[in-house]
Amino acid sequence: MLCMALVSGPAILFLDEPTSGLDVASARLIRDVVARMNRERGTTVFLTTHNIDEADALCHRVGIIDRGRIAAVDTPRTLRAAIQSRRSVEVRFAGAGVAPETLVGGDDGEIVALADGFRFYTPAPGDAVQRLAVRASAAGVRIEAIATLAPSLEDVFLHLTRTTGSDAHAARY
């Protein structure tokens, strides 16, 4: 379908979930073709996708729609910068983990469980990492990795639509 749409060299291209259901290699090829069309031919591409990483990689401007209404339109960078307080720290354990509250304490906000660790949101990730390392050492907990993460477009979406975890599905439908 994409090949048929590209044959005429359109000035504007509308794509609805172009990589949905594709294997990784095919999806990458489609993203590369779309990016090249925009860059080399100046083709304007309107892309609808539920793949937020794809939107972040391909789009110069992103519109976030919540329950049929436009919640925000801007560049991915500007949208992420608007919620800098949603920076996070991700902790991965080498073996058996420990309850996140033991390491995070009451100092920081929301905690999200991961398969081999947890992520917590904090406005001061550098300070939080230092406190966490001291508490882990005191508790004898072996940490595999610690990373500080800037807000993602997914964080922006959740922030703007006020949905988190289990209420995300209910709020969208």
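Analyst: Helices (H or I, at least four residues) and strands (E, at least two) are DSSP runs, numbered from the N terminus. The model here is predicted: local features need pLDDT of at least 70, side-chain atom pairs count only at pLDDT 80 or more, and totals for chains, interfaces and linings use all residues. Residues are numbered from 1 along each chain as its sequence is written, and side-chain values use heavy atoms, with hydrogens and water left out.

User: Which residues of H6 are buried?

Analyst: Buried means under 20% relative accessible area, exposed over 50%, partly exposed in between (1.4 Å probe, protein chains only). In H6, Pro125, Ala128, Leu132 and Ala136 are buried. They lie on the same side of H6, because their arc around the axis is only 65°. The face turned away from that side carries exposed Gln130, Val134, Ser137 and Ala138.

User: What covers the buried residues of H6?

Analyst: The cover includes strands E5 (88-93), E7 (117-121) and E8 (143-149), and helix H5 (100-104).

User: Which residues touch the most other members of the largest nonpolar core?

Analyst: In soluble globular proteins, nonpolar side chains tend to be buried together. Among the 19 residues of this core, they are Leu2, Leu6, Leu15, Val62, Ile64, Leu79 and Val156. Helix H2 (24-41) is one of the elements giving two or more residues, and H2 supplies the largest share, four.

Key
A nonpolar core is a set of buried Ala, Val, Leu, Ile, Met, Phe, Trp, Tyr and Cys residues joined through side-chain atoms within 4.5 Å. The arc is that of the directions from the helix axis to the C-beta atoms. Contact means heavy atoms within 4.5 Å.
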